Amino acid sequence: MKLGAPRKKSGWVMLQVLLLHLLVQSVHSQNSRNKLNITNPGQSIPGLAVQLRRVSNEKVVVDNGIIQVTFSSPQGLITGIKYNGIDNVLDDEIDDRGYWDVVWYEPEKALEIDKLEGTKFEIITQNEEQVEISFTRTWTISKRGSLVPLNVDKRYIIRTGVSGIYMYGILERLEDWPDVDMDQIRIVFKLNPKKFDFMAISDDRQRSMPSMADRDNAKILAYREAVLLTNPKNPMFKGEVDDKYMYSMEDKDNNVHGWISSDPPVGFWMITPSDEFRLGGPIKQDLTSHAGPITLSMFTSTHYAGKEMRMDYRNGEPWKKVFGPVLAYLNSVSPKDSTLRLWKDAKRQMAEEVRSWPYDFVNSEDYPLSHQRGTIEGQFYIKDRYVSRLNIYGKFAFVGLAPCGEAGSWQTESKGYQFWTKADRKGRFIIENVRAGNYSLYAWGYGFIGDYKYEQNITITPGSQMNVGPIVYEPPRNGPTLWEIGVPDRTAGEFYIPDPYPTLMNKLYVNPLQDRFRQYGLWDRYADLYPQNDLVYTVGVSDYKRDWFFAHVTRNAGNNTYDSTTWQIIFNLENVNRVGLYTLRIALASAADSELQVRVNNPKSDHIFTTGLIGKDNAIARHGIHGLYRLYSINVAGDLLSVGDNTIYLTQSRSVGPFQGVMYDYIRLESPFTT
């Protein structure tokens, strides 16, 4: 009996330990459920093994117990996503629901759209933790003219416990393949319009949205993508303007956007954890989500840039690039909770994906892991002796690695990888997880004009850690500032942006002052404000926030005709160096089919400078506040100036339509060099 008593006590202890273990497991499971916002009864429990089923020769299904994704095979189109009681969050009534596409053409030939449909299905990884599948297509010369000349490998990864789909693509051209231009590469999701009606792209840009049917029955406006909603199903939208470009965003801010369904409360989000595979630098603007409901992952495009940013391949140039991975993320909350929790959770998930970059679960030799990448750091200074005798910290400057080129070439570079960061208050910067390769180191920022480029190319090798130390940029400068208009920040956002027409408004942008430029038709407001005479700005009297229109556009003269416009800058000089050279700096934030001419003190004289025909960025029509940055330094002979009042005439001479014009970033007149 004495021997039996301890056994009973030991058994009781073991039972207690077992109960405690089960309790801990239960708490851990509940925490996982809360983290994923999986709170509805009957939902699958996270952590189940990922399963892949080849349902037929035409269909592949992957299920992780949270989401079930159906792919067409071997095309690799996403035809169904089952989640949280919704049989398909995509639009069942159309064929194109979840797909890649490329806008392409051979030189001098018609534009084509290729949905990159695969011809071969392959399992890359299959275990309880994840499934990675591939849909490939190999190009041959027999396909010339019908398919974009690219080898295609579309990859999809579904992981245990993750309510989403990781997506990436490997696109490649081989040497000696035909010439081709590509304007756009993207992923498109068209969601179930009966479910998703609320869109969120940032904390302050969220709203209920009209449907595609509302757009189809609307009045098309002067710019074809914009419509006036005349007979929407929901009367709250009547009289509003809808345009997908109203919801564009700079890439540095375009990390998460998507849609919300209220019944059941479900979110569908596009998460982009890195910009390395995008083009054009941190402030390249592009589409996000828009009426449809549609959600996009834009990898490349010519939006807000024009053909200067297209990917053009000539003379058999080879190329290969990995786009992504990006994450299509789904979440849900209890019907008792606010659906805005879905947006907060999407931001949380986005932050988690950013922290996890580069991913360690991607199974491709073309996607380097963290230890196969390198790091560069340093400290950026500005040297401008007319501002300070000491070097100035490059406070909050953008510093980046991009393919080798001239200073500023990064903003139209479209084929390679780019890695950007923002310096701190003292100009210190660190760029991590850089792919191995050769780069130029670039920088630019608020408060100074022009572009910096480090004098040597940068070579990143796997595991390398480079410190370039202090680097100093001397912005263009010939002499002290006589006067200036605006702030050098590469946008026209500081200038006067008029109220929109009451009959052509988007209610989302009525209140936020920072987004007033996104309203439709602001270009026509110039003619209302200046019906006969053009803008006149007097230095020392005028205020650029009030008196400098945000875009130098044509004047609507009626009957579908437009006049060129000439703006005047009047300034007073107490003395003039008649044998010296003054310098006029004009930084443009945007240009669209325009030509800027400069004259001094005589509007009918020959111009002393012209840009020639420039720009295709369409920022005026597409509600942007900037496109591509251009900087011009113009010599002004001292004998053209006089003691007393002087006038610089700025003429935008092209006037075929309403969307031609420029946006100024900053203008400065410098006196001749002084010691």
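Me: In this predicted model, which residue stands opposite L228 in β16?
Reply: Start with the strand pair. β15 covers residues 227-228 and pairs with β16 in the antiparallel sense, over two bridges. In the predicted model, the residue of β16 that stands opposite L228 is V241.

Me: What is the order of the strands in the open sheet of three strands?
Reply: The pairing in this sheet is antiparallel. β14 (219-220) and β16 (241-242) each have a single partner strand, so they stand at the edges. The order is β14-β15-β16.

Me: What is the volume of the largest cavity?
Reply: The structure holds two cavities of 30 Å³ or more. The largest holds about 100 Å³.

Me: How many charged residues are in the lining of the largest cavity?
Reply: The lining has 14 residues, and I283, Q411, H626, G627 and L628 lie nearest the centre. By class, seven are nonpolar and five are polar. The charged residues number two.

Me: How many polar residues are in the lining of the second largest cavity?
Reply: Its lining includes F517, W523 and M663. Seven residues of this lining are nonpolar and none is charged. The polar ones number three.

Me: Are the rings of W269 and W343 stacked, edge-to-face or tilted?
Reply: The structure holds 44 aromatic pairs. In this one the ring centres are 5.6 Å apart and the planes meet at 55°. Planes under 30 degrees apart count as stacked and over 60 as edge-to-face, so an angle in between is tilted. The W269 and W343 pair is tilted.

Me: How many residues apart are F609 and Y632?
Reply: These two form a tilted aromatic pair, 5.4 Å centre to centre. Both are buried. F609 is in strand β42 and Y632 in strand β44, distant parts of the chain. Their separation is 23 residues.

Me: Which residue's ring has the charged end of R525 over it?
Reply: Elsewhere, R490 lies over the face of Y629, at 3.9 Å from the ring centre. The charged end of R525 sits 5.5 Å from the centre of its ring. That ring belongs to Y501.

Definitions and conventions. Residues numbered from 1 in each chain as written. Predicted model: local features only at pLDDT ≥ 70, side-chain atom pairs only at ≥ 80, totals over all residues. Heavy atoms only, no water. Pairing = 2+ DSSP bridges. Helix = DSSP H or I, 4+ residues; strand = E, 2+ residues; numbered from the N terminus. 1 Å grid on protein atoms, 1.4 Å probe; cavity = no way out; pocket = protein on both sides within 12 Å on 5 of 7 lines; lining within 4 Å. Points joined across faces, edges and corners; volume = space filled by probe spheres on them. Nonpolar A, V, L, I, M, F, W, Y, C, P; charged D, E, K, R; others polar. Phe/Tyr/Trp six-rings, centres within 6.5 Å; stacked < 30°, edge-to-face > 60°. Buried < 20%, exposed > 50% of the residue type's maximum accessible area, 1.4 Å probe, protein only. Lys NZ or Arg CZ within 6 Å of the ring centre and 35° of its normal.
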